[in-house]
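We will go stop by stop.

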Amino acid sequence: MKVKTILVSQPEPKIENSPYFDLQEKQKVKIDFRPFIHVEGVPVKEIRLQKVDLTNYTAIILTSRNAVDHFFRVAEEMRFKVPDSMKYFCQSEAVAYYLQKYVVYRKRKIYVGKRTFSELSPIIKKYKDETFLLPTTDKLKPEVPEILDGLSVNWKEAVFYKTVISDLSDLANVYYDILVFFSPSGIDSLFKNFPDFKQNDTKIAVFGNTTIKAVESHGLRVDISAPTPETPSMTMALEKYITEMNKGK
């Protein structure tokens, strides 16, 4: 089967040098981007029901850019002036860089992990005198609270935004050679929108073990997976697969 079309279940990259665009040009395939899920902010009224008082916290744990956006949204709506003394613990450099949208980076106390939450945890552990707030989604990975509890720090989780299934009804009669998924929520969206979905010849590309499990739990077949030692990124995994298929292997 020669691969001609790919649907990526995420927003289209905003950077011009995205590897997806390189893949599209190099392999002469058509790549469409469509978020299968999207994020909606939780109203302040609901957040107050979670007994969240922003004045009680001296440090914020930020695991994503969505967490950054919604922490500052809630702070503004609660008319809370974030003090200059607030400490920020960012899961990755990408999150820390995004934080500059809201604060003057060089004037704040910002601590940065490498990539995963477990890599950030040793930094958090050094600040046991702080009171941490974790503004998060309703789909928080179980490992995050488990790690924080193991650190014996004073922390609270608060749902500031929710993952919502997008309406994909306009794709009902559209066929793609490969569907690309990055989270279990994307798989949930597929079956919420198309309860009778049958994989047939469609190839499914999956990033991450939890997403693989979600795919398999629905009786689907995983044809392409990342990360692996040979293909650490999804675009590398796709390119390898497409090259093999287009050669007739």
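A contact here means heavy atoms within 4.5 Å. Before selecting anything, note that this is a predicted model, where local features need pLDDT of at least 70, side-chain atom pairs count only at pLDDT 80 or more, and totals for chains, interfaces and linings use all residues. Residues are numbered from 1 along each chain as its sequence is written, and side-chain values use heavy atoms, with hydrogens and water left out.

**Stop 1: Leu 62.** Select Leu 62 and show its neighbours. Leaving aside residues up to four places away in sequence, Leu 62 touches Ala 67, Val 68, Tyr 88, Phe 89, Cys 90, Gln 91, Val 95, Leu 99 and Pro 135.

**Stop 2: the largest nonpolar core.** A nonpolar core is a set of buried Ala, Val, Leu, Ile, Met, Phe, Trp, Tyr and Cys residues joined through side-chain atoms within 4.5 Å. Buried means under 20% relative accessible area, exposed over 50%, and partly exposed in between (1.4 Å probe, protein chains only). Now select Leu 54, Leu 62, Phe 71, Tyr 88, Leu 99 and Phe 160: of the 30 residues in the largest core, these touch the most other members. Next, colour the elements that each supply at least two of its residues: helix H2 (44–49), strand S4 (59–62), helix H3 (65–77), strand S5 (87–90), helix H4 (93–98) and strand S8 (154–165). Helices (H or I, at least four residues) and strands (E, at least two) are DSSP runs, numbered from the N terminus. Which helix gives the largest share of this core? H3 does, with six residues.

**Stop 3: the second core.** Select Ile 6, Phe 33, Val 180 and Ile 242. They are among the 19 residues of a second, separate core.

**Stop 4: salt bridges.** A salt bridge is a side-chain nitrogen of Lys or Arg within 4 Å of a carboxyl oxygen of Asp or Glu. The structure holds ten. Visit three of them.

- Arg 73 and Glu 77: their side chains meet at 3.3 Å, N to O. Both lie in helix H3, four residues apart, about one turn of the helix. Glu 77 is partly exposed, at 44% relative accessible area.
- Lys 87 and Glu 130: the N to O distance is 3.1 Å. Lys 87 lies in strand S5 and Glu 130 in the loop between helix H5 (117–125) and strand S7 (131–137), so the pair ties together parts 43 residues apart in sequence. Lys 87 is buried at 12% relative accessibility, and Glu 130 is buried at 13%.
- Arg 221 and Asp 223: this bridge spans 2.7 Å, N to O. Arg 221 is partly exposed at 33%, and Asp 223 is partly exposed at 24%.
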